[in-house]
Amino acid sequence: MKAFVTGVGGQLGHDVMNELAKRGFEGVGTDLAPEYSGIQDGTSVVSMPYVQLDITDPDQVRKVMNEVKPDVCIHCAAWTAVDKAEEFPDKCRLVNAGGTENIAKVCEELDIPMMYFSTDYVFDGNGTRPWEPDDPYAPLDVYGKTKAEGEEAVIAHVKKFFILRIAWVFGTNGHNFIKTMLKLAKTHDTLRVVSDQIGTPTYTYDLARLVVDMIQTDKYGKYHVTNEGGYISWYDFTCEIFRQAGITNVKVIPVTSEEYGAAAKRPYNSRMNRSKITENGFKPLPDWKDALARYLDILKKQGETD
C-alpha cells in the first residue's frame, strides 16, 4: 500500500509517516517546505519519499497526486493557529477548506480513500454531553468554521472517506501545550491556566497507529478520536504535566476563559464520544495519563525537559 500524506512537517504527519514505515508500507510525504523540515531525529520519516506541495494550488495538487498514484490519502495538512485565524480568515479558509477540497477532488478522480482530520471546534462548545459524530455543525470561530467547511468538501467529493475529529493534540515534531507549559515553568513561578474548557488530549504517536489500522479497512465515516481516560480541563492537564515531570516550584492558578482572554472563542465543551472506534472493531487509544508519561520520557531523552 502506498499512502500520500500531507503536512508531514507537523506533529501528526510526522508520526503517521513513521507508523507507515514501521508497518512496511510506503509513505510519500508532502509539505510546503522544499525539503522535509521536521525534526531530524533519525526516525524513518526522514528517509521516506518527500515532495514539496502547496495544497491551495489545485493544478499542483492534481499533478503531484497523479504522479505519485497513491492507494490512499492521509490529509494531515491544516491551518491550526486558532487565534491567527481570526486575524487572517481568508488565508485560513484557503488552507482548511480550499486545500482540502483540492485534495478531495483528486482522491475521487483516482478512486482512493481519503482520511481528513477535523476538530471538536466544528460544534458550539456548549453543554456537558459528549459530542456525537453526527451532531450538527455550529462552529464558534474562524478555525472551526473552516474545518467544518473542509469536512463538507470531503463529504461532497469523496465516496470513501474517514473524518477523524481530534482535540488537544501533542507530538514530538512541533509545538504544543505540553512543551509550552514546560518552557514557561523554567521562567515563571506562577501560571494562570483555563479551568472551564473540558476535553481530552490526543497523542499523535497513538493516533498514528489507529490511522494505519483504519486505512486498511473500508469502515468509512466520521469518528471521534482522542486518548482514553476521564475528561479534564487545561488546568487539570497542566497539574498532571507538572506532577509527572517532577515540577514542584510552580503554582498553577485556575482561571475562567473570560479571565484568560483570547482572540478566538474556544469551546467550553470539548468532550467527544469515542465509542464508534470500538464499535467498529478498532483498538482505542491508551489512557491520556499513560500517553503523557511516554511523551515526557521522550522529551527527557531529547533534553527538552531539562
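These legends go with a few close-up views of a predicted model.

**View 1. Helix α5, from end to end.** Helix α5 takes in residues 142-157. Let's check its length: at 1.5 Å a residue, its 16 residues should span 22 Å, and the end C-alpha atoms are 22 Å apart, so the two agree.

**View 2. The buried residues of α5 and what covers them.** Which residues of α5 are buried? They are V142, Y143, G144, T146, K147, A148, G150, E151, A153 and V154. While you're here, a handy bit of background: an α-helix has 3.6 residues a turn, so residues three or four places apart point the same way.

**View 3. α4 and α5 together.** The axes of these two helices, α4 and α5, come within 8 Å and cross at roughly 15°. Angles under 35 degrees count as roughly parallel, so that makes α4 roughly parallel to α5. The crossing of α4 past α5 is right-handed. On the α4 side, the residues that meet α5 are P89, C92, R93, N96, A97, T100, E101, A104, K105 and E108. Their partners in α5 are V142, Y143, K145, T146, K147, E149, G150, A153, V154 and H157. Sort this contact by class and you get 8 nonpolar, 5 polar and 7 charged residues.

**View 4. Helix α1, mostly covered.** The same length check works for α1 (residues 11-22): its 12 residues should span 16 Å at 1.5 Å a residue, and its end C-alpha atoms are 17 Å apart, which agrees. How many of the 12 residues of α1 are buried? The count is 10, so this helix is mostly covered. The buried ones are Q11, L12, G13, H14, D15, V16, M17, N18, E19 and L20. After α1 comes G24, with a positive phi near 85°.

**View 5. Two loop residues with positive phi.** K69 is not a glycine, yet its phi is positive, about 55°. You'll find K69 in the loop between α2 (58-68) and β4 (72-75). Is K69 buried or exposed? Its relative accessibility is 58%, so K69 counts as exposed. D111, also a residue other than glycine, has a positive phi near 60°. This one, D111, lies in the loop between α4 and β5.

Key:
Residues are numbered from 1 along each chain as its sequence is written. This is a predicted model: local features need pLDDT of at least 70, side-chain atom pairs count only at pLDDT 80 or more; totals for chains, interfaces and linings use all residues. Side-chain values use heavy atoms; hydrogens and water are left out. Helices (H or I, at least four residues) and strands (E, at least two) are DSSP runs, numbered from the N terminus. The expected span of a helix is 1.5 Å times one less than its number of residues. Buried means under 20% relative accessible area, exposed over 50%, partly exposed in between (1.4 Å probe, protein chains only). Axes are lines fitted to C-alpha atoms, for helices over the stretch in contact, and angles run from 0 to 180 degrees between N-to-C directions. Angles under 35 degrees count as roughly parallel, over 145 as roughly antiparallel, 65 to 115 as roughly perpendicular and the rest as oblique. A crossing is left-handed if the near helix is turned anticlockwise from the far one by less than a right angle, and right-handed if clockwise. Contact means heavy atoms within 4.5 Å. Ala, Val, Leu, Ile, Met, Phe, Trp, Tyr, Cys and Pro count as nonpolar, Asp, Glu, Lys and Arg as charged, and the others, Gly among them, as polar.
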